[in-house]
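Here are a few notes to read alongside the model. Take them in order and keep the viewer open.

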Amino acid sequence: MSTVSGTSGSPRSPTGDGGAKPGESQTRPRKIQPIAQDAVPVIEARNISKAFGATTALVDVSLKAYAGRVLALLGDNGAGKSTLIKILSGVFPPDDGELLFKGRPVVFANPAAAREHGIATVFQDLAVCELLSVTRNVILGREPTKGFGPFRWLDMKRADEMARTALLQLGVRWERGLEERGINISGGERQSLAIARAMYFGSSLLVLDEPTSALAVRQAGRVLDHIEHARDQGQAVILITHNFRHALSVADDLTVLAQGRVAAHFRRDEIELEELTELVARVG
Amino acid sequence: MAADMGKGAPAESKPAEKRATAGVLIGEALRRFLLRPESTSLAALVILFAVFSYLSPDLFPNKLTYISIMAVAAELGIVSIGVTLLMIGGHFDLSVGAVLGLTSYVCVVLLRDAGLPPLIAGPAAVAVGAMLGAVNGILVVGFRIHSFVVTLGTMLIWRGVVIALTGGFPITIDIPSIFRDTMSGPLIFGFRMSMIWFFALGGLCTFLLARTRLGNWIQARGQNEQAARNLGVPVDRVTIILFMITSALGAIAGVIQVARFASVDALRGEGMELQAVAVTVIGGTLLSGGYGSVIGTVLGAITFGMIQVGLVLAGVPGHFFRTLTGFIVVAAVILNTTVARRMARSKPLGGFRRGNSETDAALAEISISKPERDETAREGGS
């Protein structure tokens, strides 16, 4: 049996691993590679602070996201996760500290600037236009056109091709037609669509905000597959989640935020579910 | 011809068509028709045509009647096309009637006082219209005020300006016959030129909406502004352009009316903003934005003209026009929101339920075989 990517990330055991090693706690055993000595993070936040009026959202937060690795960002409500990803995706700048993109300091004036650097953020529930077709949703903002001079119109054939390719690259079997409207596709499919879109248009960093929170088990599993898929294709992924199991099942590194600070940072093989749960309960 | 075999039935999956029975074919064709936003206005048009033909069999089905209907439909329709695009983009424009009045005044003054030829005065009036629209758009975008309120204000301002400038009296001018003929003069078969402009603009804006980037952005803006913004759609620019298009179309209707009446008066275009909303709604555009059809609006405008002319011919007192229009608007909204929404969620009938054959072929080629997932691994947690 071959996976689409097959290069890294062995598939989870189909039998379930409740009976596997006692410490592994329902997540599959996986070899986490240490970060290479000379690896440059795709994005690095250095001592980021941010306050909104009297409310301090982030204090001195640093993190690094590497190509081909998934960084899970954990924490309670109000821990500063959303503020952090909004800074990473250019929604607003930090008050203090700096961002480095592939080793060079950058300032994102707006979300478009971040996107030009290949930072694709999939926000929690703002992914899909309900009355546009799947194709139109995929190409939105990057519509292929044909024509001459100022007279340009949509190249719908090419657009369908792009949508199909984007979904296939993610291994999504789109059973229905690409003309299906957004209103008819499920929450999981919406996430698939948004992730496919983000990856297709060449992101180097994929930021996912709670992609599994509103999903049924099977759909959540599919989204986690997508994350592995993106990772295996050499993207850096930052996954924001409340769900420790989801985080542990795909992450290579985990950062726990609490009250705007980095409370803990682990490599995946340094921590187990029980410890993590306990830690977050304690610091949060 | 072999290519025409699939006409009426969708051509996406050939084997399925062979399996489908006639009943399923008709059912599926009906389902797809009801999915279209234009279905309401087309139904209204056909039903009203039948009713009026029954009420006044001698007068209604008659070329002169059609000419009158199209004369009413064209001017209102051109305004409505702009309003439709704007409403699909999620905005309202109450000022479009006042823009029509003010640009008509500008056109008349340029022709009469400045002595400019119509070829310059007409486009100049349209340009002024676009500028007035830009003012609306910039106010909406810059101050994040709802377009309903902004355009309510500008409607009052521009109407006030027209009343002040005309002094409340009609201004008449001599219109060169070539100008009158090209804008609104009788054409071959007696139909007015304004009908040609109406259909041309309808076609152009249908293309704009369905087949251009701007059209895609307009729809996205109306459906999910934040998503569009996140994906890099220049939402604010789209909004300003939309207001400019709407007001420019209002100005075009104004120039046509100047050519037809050879005059302008203080109340020119008054009430048209709401008629245009009514036409747009009859045409299947959602009041909440995001979805609609210019073709539906074209049909809606013809429906509107038909009611107006048909009631007169049927000898019904004039005030029934408003009442009947009101009923039709409410019925159209009910149909569009309940039936259309249910239809949008409906599944294709048996035989049409297959996925896209090209996708299947592509999938077979790549042969994705994911390992069985361990779903339990992801269960639980919160």
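**Notes on the model**

1. Let's start with chain A, which has eight helices and 12 strands. Do bear in mind that this is a predicted model.

2. Of the 284 residues in chain A, 49% count as buried. If you take the contacts in chain A with a separation of 6 or more, 70% of them are between residues 24 or more positions apart.

3. Now find two helices of chain A: H4, residues 156–169, and H5, residues 187–200. Their axes are 8 Å apart, and the helices pack at an angle of about 100 degrees. Angles of 65 to 115 degrees count as roughly perpendicular, so that is the word for H4(A) and H5(A).

4. Who meets whom there? From H4(A) come A:Met162, A:Thr165, A:Ala166, A:Leu167 and A:Gln169, and from H5(A) come A:Ala196, A:Arg197, A:Met199 and A:Tyr200. By type, the residues of this contact are six nonpolar, two polar and one charged.

5. A:Ala196 turns up again in the largest nonpolar core, which has 174 residues. It is listed among those with the most contacts inside that core, along with A:Val237, A:Leu239, B:Ile78, B:Val79 and B:Val255. Helix H12 of chain B, residues 235–261, gives the most to this core, with 16 residues.

Key: Residues numbered from 1 in each chain as written. Chains lettered and ligands numbered in written order. Predicted model: local features only at pLDDT ≥ 70, side-chain atom pairs only at ≥ 80, totals over all residues. Axes fitted to C-alpha atoms, helices over the stretch in contact; angles between N-to-C directions. Helix = DSSP H or I, 4+ residues; strand = E, 2+ residues; numbered from the N terminus. Parallel < 35°, antiparallel > 145°, perpendicular 65-115°, else oblique. Contact = placed C-beta atoms within 7 Å. Nonpolar A, V, L, I, M, F, W, Y, C, P; charged D, E, K, R; others polar. Core = buried A, V, L, I, M, F, W, Y, C linked by C-beta atoms within 7 Å. Buried ≥ 20, exposed ≤ 12 C-beta atoms within 10 Å, placed from the backbone.
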